[in-house]
Amino acid sequence: MPLTRAGRPRLTTARRPGMTARDEILDAAGELFTTLGYASTSTRHIAESVGIRQASMYHYFKTKDDILCALLSQTVGPTLAFIPSLLGAQPALTAAEHLHALAAFDGDQLLSGRWNLGALYLLPELRDARLEPFWSDRERLRLHYLALSQGVVEQTGVHEAAADLPFRLVESLVNMWSVPRGPEREELPVHVADACLRVLGLPDGATAAVRARSGEVVGDYTRSLSSVPVRPLR
């Protein structure tokens, strides 16, 4: 027996990528929020872009703020989920290897989506208390960057204030969204990961070995994700 769907029948056939109606709503909202702006986008606009009735959206999200929070979570959630694999890597990663892998993976997440969700960080609406779940997750990620960066700084002797820079460098990739898709864009996250090590004082001669180890860990994790079967639900 086919699984039933929450909500009323859609107005048209699916017109958005996604395994679920929720995914389609987020894709539409991501496009509209990053092109028209958050304040200028209504839930009616989002529903029309998906091809569903506006009332059906409320089976998935109670408010527009909930949609924004879910979108923002996509910018930090995958990287937070990657951290346990980094902590459990064998042989254990050095602080520099861990940081490089984290930055490369995180940067790729920011650049590889269909919409520049990281640009939403600049919205004044982000300071709303209703988005606290996103800010809590982002702070967890920032503190993880900071701890790793401090570990590298302890070895290199660079001023401790530099430890704040890697997290900011990676987030600056949202300003590189205009770079055309292709090899140059695909390499940006790794180049930024290299830059994270440079600002912490790691010699250029040590970067190649760190990059190689980092690439192995990121590659293994990415392949493990692609091998997990996904069951479509609606």
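A pocket is an open set of grid points with protein on both sides within 12 Å along at least five of seven lines. The exercises below apply to a predicted model.

**Exercise 1. The second largest pocket**

Task: State how much space lies in the second largest pocket, and which elements give two or more residues to its lining.

Solution:
- Step 1. The space in the second largest pocket is about 240 Å³.
- Step 2. Its lining has 14 residues, and those nearest the centre are Ala104, Phe105, Asp108, Val190 and Val218.
- Step 3. Two or more lining residues come from each of α6 (95-112), α9 (183-199) and α10 (204-226).
- Step 4. With six residues, α10 gives the most to this lining.
- Step 5. Sorted by class, the lining holds six nonpolar, five polar and three charged residues.

**Exercise 2. The ring pair Phe82 and Tyr221**

Task: Classify the pair of Phe82 and Tyr221 by the angle between the ring planes, and say which helices the two residues lie in.

Solution:
- Step 1. Seven aromatic pairs are found in a search of the whole structure.
- Step 2. For Phe82 and Tyr221 the ring centres are 4.6 Å apart and the planes are at 45°.
- Step 3. Planes under 30 degrees apart count as stacked and over 60 as edge-to-face; at 45° the pair is therefore tilted.
- Step 4. Phe82 lies in helix α5 (residues 77-87) and Tyr221 in helix α10, so the pair ties together parts 139 residues apart in sequence.
- Step 5. Phe82 and Tyr221 are both buried.
- Step 6. Ring pairs also bring in Phe105, giving a cluster of Phe82, Phe105 and Tyr221. Phe105 is also among the residues nearest the centre of the second largest pocket.

**Exercise 3. The ring pair Tyr121 and Phe134**

Task: Describe the geometry of the pair formed by Tyr121 and Phe134, then decide whether Tyr121 is buried or exposed.

Solution:
- Step 1. Tyr121 and Phe134 form a tilted aromatic pair, 5.5 Å centre to centre with 40° between the planes.
- Step 2. Tyr121 is in the loop between α6 and α7 (132-156) and Phe134 is in helix α7; the pair links parts of the chain 13 residues apart.
- Step 3. Buried means under 20% relative accessible area. Tyr121 has 15% relative accessibility, so Tyr121 counts as buried.
- Step 4. Phe134 has a relative accessible area of 0% and is therefore buried.

**Exercise 4. Charges over rings**

Task: Which ring does Lys64 lie over, and which ring does the charged end of Arg185 sit over?

Solution:
- Step 1. Lys64 lies over the face of Tyr38, 4.2 Å from the ring centre.
- Step 2. The charged end of Arg185 sits over the ring of Trp177, at 4.4 Å from the centre of that ring.

Key: Residues numbered from 1 in each chain as written. Predicted model: local features only at pLDDT ≥ 70, side-chain atom pairs only at ≥ 80, totals over all residues. Heavy atoms only, no water. 1 Å grid on protein atoms, 1.4 Å probe; cavity = no way out; pocket = protein on both sides within 12 Å on 5 of 7 lines; lining within 4 Å. Points joined across faces, edges and corners; volume = space filled by probe spheres on them. Helix = DSSP H or I, 4+ residues; strand = E, 2+ residues; numbered from the N terminus. Nonpolar A, V, L, I, M, F, W, Y, C, P; charged D, E, K, R; others polar. Phe/Tyr/Trp six-rings, centres within 6.5 Å; stacked < 30°, edge-to-face > 60°. Buried < 20%, exposed > 50% of the residue type's maximum accessible area, 1.4 Å probe, protein only. Lys NZ or Arg CZ within 6 Å of the ring centre and 35° of its normal.
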